[in-house]
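Student: Could you walk me through how to read a model like this one? Let's look at it together.

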Amino acid sequence: MGDMAYKARHKAQGLCLSCSRPSMERADLCAVHYWSKLMKDRCYHEANRSKRNKAVRDRHKLYAEQGKCRDCGVDLIEGEGTRCTNCQDNHNIHTYTKGGL
Ligand SMILES: [Zn+2]
Ligand SMILES: [Zn+2]
């Protein structure tokens, strides 16, 4: 457990946990290591997001093939397009609000 004692000591002295430079306020890391950690976290989130997006796209495709609403999965009535009336309304509201005025 030498590592923990080392980190505790650095923390107590206000030094970076990864090197021994003075750490940034409330970060326990120096600017260099703080930013590299931030970037790593961001990459992780980005990777997760694209995975999630793919899952949503796959679901949309499946629903479309089955003639169902791509958002909620109910069976579509002919002429409804790719979404049921309900979801189409929601979609329109989102599109308008997102687009701004
Ligand atoms: Zn550092
Ligand atoms: Zn729907």
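Tutor: A residue is called buried if 20 or more other C-beta atoms lie within 10 Å of its own, exposed if 12 or fewer, and partly exposed in between, with C-beta atoms placed from the backbone. This is a predicted model, where local features need pLDDT of at least 70, side-chain atom pairs count only at pLDDT 80 or more, and totals for chains, interfaces and linings use all residues. Residues are numbered from 1 along each chain as its sequence is written, while chains are lettered from A and ligands numbered from 1 in the order in which they are written.

Student: Is Arg 26 buried or exposed?

Tutor: Arg 26 is exposed, because 5 other C-beta atoms lie within 10 Å. Arg 26 sits in the loop between helix 1 (2-13) and helix 2 (31-65); helices are DSSP runs of H or I, at least four residues, numbered from the N terminus. Its phi is near 65 degrees, a positive value in a residue other than glycine.

Student: What is phi of Asp 28 near?

Tutor: For Asp 28, phi is near 65 degrees, again positive in a non-glycine residue. Asp 28 belongs to the loop between helix 1 and helix 2, and is partly exposed because 18 other C-beta atoms lie within 10 Å.

Student: Where does Thr 97 lie?

Tutor: Thr 97 is in helix 3 (residues 85-99) and is exposed, with 9 other C-beta atoms within 10 Å. From C-alpha to C-alpha, Thr 97 and Gln 13 are 50 Å apart in space and 84 residues apart in sequence.

Student: Which element has the lowest mean pLDDT?

Tutor: pLDDT is the predictor's confidence in each residue, from 0 to 100. Helix 3 has the lowest mean (80) and helix 2 the highest (92) among the elements of the protein chain.

Technical notes: Helix = DSSP H or I, 4+ residues; strand = E, 2+ residues; numbered from the N terminus.
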